[in-house]
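Biologist: Good morning. Could you take me through this structure, beginning with the terms I shall need?

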Amino acid sequence: MAHGDFYFTINATFYHFTEKWGEQAIIDYWRAMGSQYLRPLGARFQAGGPASIAGYWSEYFAGEPGGEVVVSQPDADSVLIDVQVCPAIRWLKESKDAATHPPAHPMYCQHCLHVNQAMIEPFGYSFELTGGGGSCQQKFTRTPNPSQESVQ
Amino acid sequence: MIGVQDFIRYYDWTFEYIRRQSGEEAVEQYWAESIAFNSQNHANVLIQGNGLQGMAEYWGHTLDSEAAGFRAELKEDYYRIDMYECPSKGSLIQIDQEEYHDYCQHCMGWIKPIMDQAGFVIDHEHNHHGQCWWEMRAVNQAGEDSEPPIRDAGDVRLRENWQQAQHDRWLGSRSVDPKNGV
């Protein structure tokens, strides 16, 4: 199991972006991460379909310390990730050294939205996120008309 | 989500993203400000408060740590780390990723500002292949800016694969490598 102190680094990075360059800069950073760095993952999800998305996130959240997450496929075209306890927010609130660090960045939860949207939308899926602050629901849905890029 | 299990690859990519967007100085500023005194503030608090002992608390000081690929030793007047297999750089080597051109630099990038504030100087060298050594000592204990002698059989500089690739070195917290500005 990976050490959770890297959540402090992720949080510090988000603060750095907004304090130095503003809110749009961090959204641009997240979207670049999704559309550029994670492009191979998006392609993998397109090729493997919802089952591969569900498998990936189920395994991924199981590898994060302190999370309580249930991944399901409510229908043939969608994947629901029910984050009952977010491992990152829990670490930032409850870990041994939490008191010596700032609280979760006010936009912390938005990174999941922007990274995933930018990663998956070119490949014929939508991504929605509801909730936040320690628990949320995330949904990948295969869209009927994938963009031109995704079918090439 | 950006998780901790594969965070290093995102970290490496983030260095390069900042460099592309804002230049090399912005990367150094990110390490010196937000990594040192926000991300690693738990280390900062320990070192500011307890000096060498705080370093030992943060990095660990038992031989058990060798199982994690490094050895750390608290001596009377210095604290030393010999890193044999850096898990961070090692994970990038394993996936053949080098988004940023000088990943290893980030450790000096955040540790030096903390040591500067706490009144310690650093001797350090890394070989960009997951091996490095560090010695931290109080400014008033600092002698000549010469490389410390080989300490014992566990000194990483004696490892067969130490002499590979490019080495970057600092003595008395000053780079002896022209690329780092001295």
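Modeller: A salt bridge is a side-chain nitrogen of Lys or Arg within 4 Å of a carboxyl oxygen of Asp or Glu. This is a predicted model, in which local features need pLDDT of at least 70, side-chain atom pairs count only at pLDDT 80 or more, and totals for chains, interfaces and linings use all residues. Residues are numbered from 1 along each chain as its sequence is written, chains are lettered from A and ligands numbered from 1 in the order in which they are written, and side-chain values use heavy atoms, with hydrogens and water left out.

Biologist: How many salt bridges does the rule find across the interface of chain B and chain A?

Modeller: The rule finds one salt bridge across that interface. B:Glu33 pairs there with A:Lys20, and their closest N and O atoms are 2.8 Å apart.

Biologist: And how many over all chains?

Modeller: The structure holds 20 salt bridges over all chains. The pair that crosses between chains runs from B:Glu33 in helix 2 of chain B to A:Lys20 in helix 1 (residues 6–21) of chain A. Helices (H or I, at least four residues) and strands (E, at least two) are DSSP runs, numbered from the N terminus.

Biologist: How many residues does each chain bring to the contact?

Modeller: Chain B brings 31 residues and chain A brings 41 residues, where contact means heavy atoms within 4.5 Å. Between them the two chains bury about 3100 Å², with 63% of it on carbon and sulfur atoms. B:Met1, B:Ile2 and B:Val4 supply 28% of the area that chain B buries against chain A, more than any other three residues. Buried area is the accessible area (1.4 Å probe) that two parts lose on being put together, summed over both.

Biologist: What about polar contacts across the interface?

Modeller: There are 20 residue pairs in polar contact across the interface, both residues being at pLDDT 80 or more. A polar contact is a pair of N or O atoms within 3.5 Å; within protein, one must be able to donate a hydrogen and the other to accept it, and residues adjacent in sequence count only if both atoms are side-chain atoms.

Biologist: Which elements of chain B touch chain A?

Modeller: Helix 1 (7–22), helix 2 (24–39) and helix 3 (41–59) of chain B each give two or more residues to that side. Helix 1 of chain B gives the largest share, eleven residues.

Biologist: Changing topic, how big is the largest cavity?

Modeller: The largest cavity has a volume of about 110 Å³. On a 1 Å grid over the protein atoms alone, a cavity is a set of points where a 1.4 Å probe fits but cannot get out, and lining residues have an atom within 4 Å of a point. Grid points are joined across faces, edges and corners, and a volume is the space filled by probe spheres set on the points.

Biologist: Which residues lie nearest its centre?

Modeller: Of the 15 lining residues, A:Cys86, A:Cys109, A:Cys112, A:Cys136 and A:Gln138 lie nearest the centre of the largest cavity. Strand 4 of chain A gives the most to this lining, with three residues.

Biologist: Lastly, where is B:His167?

Modeller: B:His167 is in the loop between strand 4 (132–138) and strand 5 (168–171) of chain B. Not counting residues up to four places away in sequence, B:His167 touches B:Glu125, B:His126, B:Asn127, B:Trp162 and B:Asp177. A polar contact of 2.9 Å joins its side chain to that of B:Glu125, and the side chain of B:His167 also reaches the backbone oxygen of B:Trp162 at 3.0 Å.

Key: On a 1 Å grid over the protein atoms alone, a cavity is a set of points where a 1.4 Å probe fits but cannot get out, and a pocket is an open set with protein on both sides within 12 Å along at least five of seven lines; lining residues have an atom within 4 Å of a point.
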